[in-house]
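Hello,

Here is the structure I promised to pass on. Please have a look at it first, and then read my notes below.

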Amino acid sequence: MTDVDVELDDEEYEELRPEMSRRRKVSVIVLGVFLVLALLAGLVSFWAYRQLFPTGKPGTEIVFEIPRGSSTSSIADLLEKKAVIDNAFLFKLYVRAKNGGPFQAGTYRFPTHDGADDVLHRLRGGPLAPPTLRFTVPPGLNLRQVPAQIVKDIPTFSVDKLNQVLTAGAVRSQFQPDGKPIEGFLFPDTYEIGEGADETAAVQKMVAQFDKVATESGLQDAQALVGYDPYQVLTVASLVEEEAKVDVDRPKVARVIYNRLAQGVPLGVDATLCYLKDERPCVLHQSDLSSDSPYNTRRNTGLPPTPIAAVSLKSLEAALHPDDGDARNALYYVLDPNLPAGQHFFTASASEFESAKARCKAAGLGCD
């Protein structure tokens with residue numbers, strides 16, 4: 001067989017892939033665009049999240065005022081201006097999504113660069129309580145002493161203005177009879193009043209607290225409890241306040257007072273004469289003891305014309321519920337060195353009283 005040389009054309013051949021269909025091209029493009037958009041959305045979402053919830057600890061707390069009439073939008077702008085939040089626009093969207101607002105005007109405290117949840121929580125909680133002024137009036141002070149005590153704690157107040165309020169008669173207790181002063185109706189306690197409050201507000205606060213405490217104690221039922229009207233019982237409570245040194249003696253002192261009233265003998269409570277004096281400690285002279293003042297309970301029978309001090313709850317309760325035990329029939333009491341410090345010896349016997357009084361004098365307890 002003869003070898004045959006087959007000559008091929010010098011033409012080169014290239015293997016070609018089938019041309020991509022139009023639909024496939026569109027799908028690839030769409031997928032690419034989607035991936036790019038998803039990536040961008042992820043980046044934007046991460047950025048927005050970090051705008052609403054910054055990393056790291058919140059900054060220093062600041063205090064600022066949200067004005068009256070502020071909209072949720074203006075509050076967000078203010079928070080951004082104060083650097084409490086990083087992005088007011090996103091915070092507005094977040095508040096809307098959380099159904100937040102409207103928010104109260106007032107003073108708020110926020111840390112800078114705080115998280116959106118914490119900021120929203122504080123806004124929902126409302127503004128800070130307004131600044132207050134505090135004063136304390138202890139038991140046993142009389143009407144002339146109370147103003148100076150208040151001014152001691154609130155120097156911006158005036159003793160003269162307080163006295164004007166106390167004597168003007170505009171502020172009254174529900175238990176205060178017509179024609180009687182406000183003495184005895186200022187409840188001793190610690191009070192807080194608004195920073196812008198005046199002397200009238202302070203007095204109103206004390207009288208309102210007295211009415212509350214007295215009502216809860218049952219002062220309105222005084223006649224049924226002890227046979228005397230509420231004002232008389234308050235006067236008895238003021239005597240107890242000045243005479244008793246320890247709580248255990250208060251109901252016993254009240255019982256002695258009621259026993260003496262029942263027998264129509266002078267009460268002999270020197271604290272009523274001390275009520276007329278401003279110096280402390282009180283020193284009584286013979287001229288005081290022989291005076292014809294209605295507050296001289298050594299000479300006059302019955303109660304003094306007014307209470308003589310601001311009464312504590314314990315003294316008020318003692319006047320409403322006098323002792324029915326050891327002091328049931330007692331007419332006398334005197335400090336006794338043989339008893340625990342501050343306690344009185346109670347007796348119905350004049351001779352026992354004189355013996356106990358001699359012990360009191362010998363011990364230097366001031367029993368004259």
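A disulfide here is a pair of cysteine sulfur atoms within 2.5 Å. The structure holds one. This is a predicted model, where local features need pLDDT of at least 70, side-chain atom pairs count only at pLDDT 80 or more, and totals for chains, interfaces and linings use all residues. Residues are numbered from 1 along each chain as its sequence is written, and side-chain values use heavy atoms, leaving out hydrogens and water.

The disulfide links Cys274 and Cys282, with 2.0 Å between their sulfur atoms. The link is left-handed, at -85° about the S-S bond. Cys274 counts as buried because its relative accessibility is 15%, while Cys282, at 23%, counts as partly exposed. (Buried means under 20% relative accessible area, exposed over 50%, and partly exposed in between, with a 1.4 Å probe and protein chains only.)

Next, the helices and strands: these are DSSP runs numbered from the N terminus, helices being H or I with at least four residues and strands E with at least two. Helix 2 (residues 72–81) packs against helix 3 (residues 88–97) at an angle of about 135°, and their axes are 9 Å apart. Axes are lines fitted to C-alpha atoms, for helices over the stretch in contact, and angles run from 0 to 180 degrees between N-to-C directions.

Finally, strand 3 (residues 132–136) runs antiparallel to strand 4 (residues 190–194), joined by five bridges; two strands pair if DSSP finds at least two bridges between them. Thr136 faces Thr190 of strand 4. On strand 3, Leu133 and Phe135 make up the covered face, whereas Thr132, Arg134 and Thr136 lie on the uncovered one.

Best wishes
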